[in-house]
Amino acid sequence: MTGDHRYQPISAYAAIGNLRSVALIGLDGSIDWCCFPHMDRPSVFAALLDAARGGHFRVAASGQCRGEPRYIRDSNVLETRFRTDEGIITVTDVMPLSGDIHGCGKSEAPPEIHRIATCEEGTVELAVEWSPRFDYGRAATRMERTDGGWLATGGGDRLSLGGIGDAVITDEESGPVLRARIRMEKGERMVLVMRWGTEDVSHDVNDSMEKMRRTVDIWHEWAHHEAAAHFEAWAGKWLPLLIRSELVLKMMSHADTGAIAAAPTTSLPEAIGGVRNWDYRYTWIRDSSMTVQALVAMGHAREAVGLLEWMERVSAGGSTDGLHLQIMYGLHGESELEEQELSHFEGYRGSRPVNIGNGAAKQFQLETYGELLNTGYEWARRGGRFDDKITAFLRTVADHVQAVWDKPDYGIWEVRGEPRHFTYSKVMAWVALDRAVHLSEQFGFPGDVEQWRRTRAEIREQILEHGYNRERGAFVLAFDSDELDAANLRIPLMEFLPIDDPRVQGTIDRTLEQLTENGLVYRYRFDDGLPGEEGAFGLCTFWMVDVLALSNRLDEARSIFETMLRHVNHVGLLPEQLDAHTGEFLGNFPQAFTHIGMINSALYLAYAEGKEIPEHAPIGTPDHREAIGRP
């Protein structure tokens, strides 16, 4: 439970989406977060970040009634059942989809939400509250009755609501609130249709039911495609959660570009009341290769290729007058992501600041180059081909690494303090040149391969000399430091060293001893330039599973994996971070790379257990090392 009754726990939410935007719906039937028409645009409902000023859209049984949500047939359509003393009412929430959602660019989705209420038993009073707040609550809202419905306007935007006849509008401090009460008898059904950017308030129950069924079918068919039968054998009992994870990843992808947001939310805190509150509604280059591996493992090669094409297109787009890479981009390739504080919002349970945009976009981060070349390698080994422009770009990236690898950066965790020589950053610089060499050797990739090899060897020597602390018996956060960093768990996963190297095993053991509590792994514990603490990190915990599995420490790997699975919420979703003592969800939600981590960890566990996994052994496994002739 939260300490502020106005806010539900982050874990109380489910998500629906239409491959353009995402809405979060609480156990009480309230949409408390939604941005239209795309998830990185300003919010129209943001009660999640300010209960009084943010706005919400609640449809539920009257009273303090807690719903019982579930997704319908492995889809992103939500059904919430409310039980009262008088009867049962079900609210089905859908953002309609049509067309082909495999890959990108072939589906259609109007910016609208249909909320279908059905009285299952008895007589139940349905309660509706509608309070849009445009532009993150910065634009004044007006609300008026129209022919057949209601219209809210503000800051040049409009939102219509059809399906409600009699209602009361109350002018409150933050703006108007529409409230209605509707008595429903057993067997009755009604629909509320909310549309962005129009005065259209048309609504028809049969039409909404047909759109709901079609949308369920589209999601279900995507999850249970022809190739899905091949991964049921290795996924085993974890299959339902892995299907939910792939549906989360797909829901947070943009249908027109193939980009996948890190999360659909901004500024959910890493510690309640703390200042570590960031906007994650963008796509990070660092996540690309992990995402590709997860999508391919679940049989979605078209999505994987679409993401790779998008990553390389937006990255190459900034290199016309030299190499200008960012660590993240907007979902349409935007590079200007200026960070701003929404000072009028109090933040989730008082967690200020509330930020939009992300200042870390302009940080120098060596890891980006490694992820790009690793992504290119993942693409090539799955049969992808580069056109001349992409080939030239990736060659430029490899050459650029030779000039900048010895510079300090801000690291994978985007610290807001001074740049340092982070060990993991240097490892990823090594990865960039290593993958360039293998692209050349295996796929004829052009470039100065001998120079790449020489620089790769130089980077390796520096990492082994300065990034490994002999007294700690582990790779450390930064050169010649003694602090730990869970990112170094990826050293064997990226094949800098084999999994059985004593230095790798020492790093695993020290991370277990000093960064792990109750089976959950923290990123680090050093002064990163910001006050306060944070929770245990979901993705780092899954990295621990991966390296333990490859180490043949299967009992430990399964224990930590199943600990994480016990933390999924009522509909199978996970956040960025968890309180290691209470299990409370922290950080933005749902978090793409936490779900990426779940899929990849299941894959590494299946591999370690000798199960038949999808084609292409994961990087870091003995089979992959042998395939490319790596000792």
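Are Trp-430 and Phe-496 buried or exposed? Trp-430 is buried, and Phe-496 is buried too (buried is under 20% relative accessible area, exposed is over 50% and partly exposed is in between, with a 1.4 Å probe and protein chains only). The model is a predicted one, so to speak of local features takes a pLDDT of at least 70 and side-chain atom pairs count only at pLDDT 80 or more, while totals for chains, interfaces and linings use all residues. Residues are numbered from 1 along each chain as its sequence is written, and side-chain values use heavy atoms, with hydrogens and water left out.

Back to the rings. The whole structure holds 18 aromatic pairs (rings of Phe, Tyr and Trp, the last by its six-membered ring, pair if their centres lie within 6.5 Å; planes under 30 degrees apart are stacked, over 60 edge-to-face and the rest tilted). With centres 5.1 Å apart and planes at 85°, Trp-430 and Phe-496 make an edge-to-face pair. Trp-430 belongs to helix H9 (residues 423-443) and Phe-496 to the loop between H11 and helix H12 (502-514), so this pair ties together parts that are 66 residues apart in sequence. Helices here are DSSP runs of H or I with at least four residues, strands are runs of E with at least two, and both are numbered from the N terminus. Tyr-524 and Phe-526 form a tilted pair, 4.5 Å centre to centre with 55° between the planes. Both partners come out as buried: Tyr-524 has 6% relative accessibility, and Phe-526 has a relative accessible area of 12%. Elsewhere, ring pairs link Trp-379, Phe-386, Phe-445 and Trp-452 into a cluster.

Charges turn up over rings as well (NZ of Lys or CZ of Arg within 6 Å of the ring centre and within 35 degrees of the ring normal). Arg-115 puts its charged end over the ring of Phe-57, 5.0 Å from the centre. In another case, Arg-525 lies over the face of Tyr-522, 4.2 Å from the ring centre.

The largest core has 212 residues, and Phe-57, Trp-130, Trp-234 and Trp-543 have the most contacts inside it. A second, separate core has 11 residues, among them Ala-263, Trp-278, Trp-284 and Ala-361.

On a 1 Å grid over the protein atoms alone, a cavity is a set of points where a 1.4 Å probe fits but cannot get out; a pocket is an open set with protein on both sides within 12 Å along at least five of seven lines, and lining residues have an atom within 4 Å of a point. Grid points are joined across faces, edges and corners, and a volume is the space filled by probe spheres set on the points.

The largest pocket has about 1100 Å³ of space. Its lining counts 38 residues, with His-5, Arg-6, Gln-8, Asp-28 and Gln-64 nearest the centre. Strands S3 (30-35), S11 (112-130) and S16 (175-185) are the elements that give two or more residues to this lining, and S16 gives the most, with 3 residues. By class, the pocket lining has 12 nonpolar, 13 polar and 13 charged residues (Ala, Val, Leu, Ile, Met, Phe, Trp, Tyr, Cys and Pro count as nonpolar, Asp, Glu, Lys and Arg as charged, and the others, Gly among them, as polar).

The search also finds 7 cavities of 30 Å³ or more. About 200 Å³ lies in the largest cavity; 19 residues line it, and Glu-270, Trp-278, Trp-413, Glu-414 and Arg-523 are the closest to its centre. That lining has 10 nonpolar, 1 polar and 8 charged residues. The second largest cavity holds about 170 Å³, and of its 16 lining residues, Met-290, Gln-293, Arg-490, Asn-600 and Tyr-604 are the closest to the centre. H13 gives the most to the lining of this second largest cavity, with 4 residues.

Most residues other than glycine have a negative phi, and most peptide bonds are trans. A cis peptide bond joins Phe-36 and Pro-37, with omega about -5°, and Pro-37 sits in the loop between S3 and strand S4 (43-45). The bond from Phe-589 to Pro-590 is cis too, with omega near -15°. Tyr-136, not a glycine, has a positive phi of about 55°; this residue lies in helix H1 (residues 134-137) and is buried at 4% relative accessible area. Asn-518 also has a positive phi, near 50°, but counts as exposed at 54% relative accessibility.

How values were computed:
Core = buried A, V, L, I, M, F, W, Y, C linked by side-chain atoms within 4.5 Å.
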